[in-house]
Amino acid sequence: MRYKELTFEGRNAVIEAFRSGKTIDKLFILDGCQDGPIKSIVREAKKTSTIINYVDKERLDRLANTGHHQGVVAIGAAYEYAEVEDILEAARCKGEAPFIFVLDEIEDPHNLGAIIRTANLAGAHGVIIPKRRAVGLTATVAKTSAGAINYTPVAKVTNIANTIEALKKEGLWFVCADMGGETMYNLDLKGPIGLVIGNEGNGVSRLVKEKCDFVASIPMKGDIDSLNASVAAGVMAFEIVRQRMIQ
């Protein structure tokens, strides 16, 4: 199956994309362009909290498939996003304690796709990603997920830390992966749980880590000190699966 990322070029195409309800991940506008049509596009973008980037002409030309972008290009998601409530409802429909992946600024589309695939195979009910400083549901993500994106809902939120706080009120508790934590085999990972995986380079941010109930480490015996984000997600996820099977 081939997955196509949506690109809208030109002022009319972009404004119609917003008004028709298309999911727009990012909006790129030529730096310094502030005329009436552009201001209308910006207003529409702000209604949906779309990320707005002001870029130079060279960058905009690279993003556009044609030379007729008129100073604006919008990038749409290859797939529609879910809501966090949709993920909780998926757990309720299955009669299962919620199991959610929460990703803190994953930037590599191959990592995100691989994590969505792992989430599906581990029986997770959904994946939560942030709106900013993270990759969205691009065509590369869809392809790397090997079809899992069709079955595992992905929600995009404004603030990961606030979302964790809200989900705690729904009965979930949270564990994040970090080298400085308690060995994961010593932790009780059963029940309604959110697994937090951090950025490829910096790991879980300080604020998000502070919101987690536990910090878990993966025991490693090699000469380097960290795993790829998607591999770490897989190792942690299937320890959760193992414990859920014997509870």
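I began with strands 8 and 9 and found them paired in the parallel sense over four bridges; two strands pair if DSSP finds at least two bridges between them. Strands here are DSSP runs (E, at least two residues), numbered from the N terminus. Val-175 stands opposite Leu-195 in strand 9.

A note on my source: this is a predicted model, where local features need pLDDT of at least 70 and side-chain atom pairs count only at pLDDT 80 or more, while totals for chains, interfaces and linings use all residues. Residues are numbered from 1 along each chain as its sequence is written, and side-chain values use heavy atoms, with hydrogens and water left out.

Next I looked at the other neighbour: strand 5 (residues 99–103) pairs with strand 9 in the parallel sense over five bridges. Gly-194 is the bridge partner of Ile-100.

How many residues of strand 9 are buried? I got five of five for residues 193–197, with buried meaning under 20% relative accessible area, exposed over 50% and partly exposed in between (1.4 Å probe, protein chains only). Ile-193, Leu-195 and Ile-197 cover one side, Gly-194 and Val-196 the other.

Then I searched for aromatic pairs and got two; rings of Phe, Tyr and Trp (its six-membered ring) pair if their centres lie within 6.5 Å, with planes under 30 degrees apart stacked, over 60 edge-to-face and the rest tilted. Phe-99 and Phe-101 are tilted, at 5.5 Å and 35°, and both are buried. Trp-173 and Phe-214 sit at 5.2 Å and 85°, so I logged that pair as edge-to-face. This pair joins strand 8 to strand 10, 41 residues apart. Trp-173 is buried at 15%, whereas Phe-214 is partly exposed at 36%.
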